[in-house]
Amino acid sequence: IIYPYVLESEAMIGQLKTEEILTQMGMPRSYLAKQSNWISVEFLNEFLDRFSKHSDVSELSKRAGIRAMKKDVIGLNYYLLKHLVTPEVAFRAFEKLTPKFNRSRTYRLLECKRGRAKVAVGLANKALLPKHPSSCENWKANFESYIQLMTGRVGKVEKSACCYKGDPTCI
């Protein structure tokens, strides 16, 4: 989850400044590069706080959401999504797999029709809402890139509810 943020931070503010942030936080970059390793919401909050002294957190969140669907981040899954899966199948699978990879969020597929999905992204615990509302930009960009990977066209994401506005889920 955090690795795309690290990669995009390096692209935006440079590898040295990003490494400085991680060193100050006591976190080796090598730990974050492994998909199986976990970080806390508090870690994400602190990383974004420190990054904000150098550049725009909202832009970083958006770019990280896009980067999360690139080959250098998802590896072999990139080719599976690109060539073997339809968006409908992918959204149904995502609903089942998300709890294994993201312990702070919930994901429910409310509706899935050809060319359209309605998704509710919630919190496993209200205390796990990231400090920076730009995490919405990350999810939006991630879903748009998810669709683009499978169809060749950027997905269109429309929000009707938001956890940052007091709603129980982002829809």
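Modeller: In what follows, Ala, Val, Leu, Ile, Met, Phe, Trp, Tyr, Cys and Pro count as nonpolar, Asp, Glu, Lys and Arg as charged, and the others, Gly among them, as polar. The model discussed here is predicted.

Biologist: Into how many nonpolar, polar and charged residues does the lining of the second largest pocket divide?

Modeller: The second largest pocket holds about 880 Å³ of space. Its lining comprises 30 residues, and Arg 116, Ala 117, Lys 156, Val 157 and Glu 158 lie nearest the centre. By class, that lining divides into 13 nonpolar, six polar and 11 charged residues.

Biologist: Which element supplies the largest share of the lining of the second largest pocket?

Modeller: Four elements each supply at least two residues of this lining: helix 8, strand 1 (105–113), strand 2 (116–123) and helix 9. The largest share amounts to seven residues, and the element that supplies them is helix 9.

Biologist: Which element gives the most to the lining of the largest pocket?

Modeller: In the largest pocket, 45 residues form the lining, with Ile 1, Ala 68, Phe 94, Phe 101 and Asn 102 nearest the centre. Elements that give two or more residues to this lining include helix 1 (3–13), helix 5 (57–67), helix 8 (87–101) and helix 9 (135–151). The greatest contribution is seven residues, and it comes from helix 8.

Biologist: How many charged residues does the lining of the largest pocket have?

Modeller: The largest pocket contains about 1,300 Å³ of space. Its lining has 29 nonpolar and 12 polar residues, and the number of charged residues is four.

Conventions
Residues are numbered from 1 along each chain as its sequence is written. This is a predicted model: local features need pLDDT of at least 70, side-chain atom pairs count only at pLDDT 80 or more; totals for chains, interfaces and linings use all residues. Side-chain values use heavy atoms; hydrogens and water are left out. On a 1 Å grid over the protein atoms alone, a cavity is a set of points where a 1.4 Å probe fits but cannot get out, and a pocket is an open set with protein on both sides within 12 Å along at least five of seven lines; lining residues have an atom within 4 Å of a point. Grid points are joined across faces, edges and corners, and a volume is the space filled by probe spheres set on the points.
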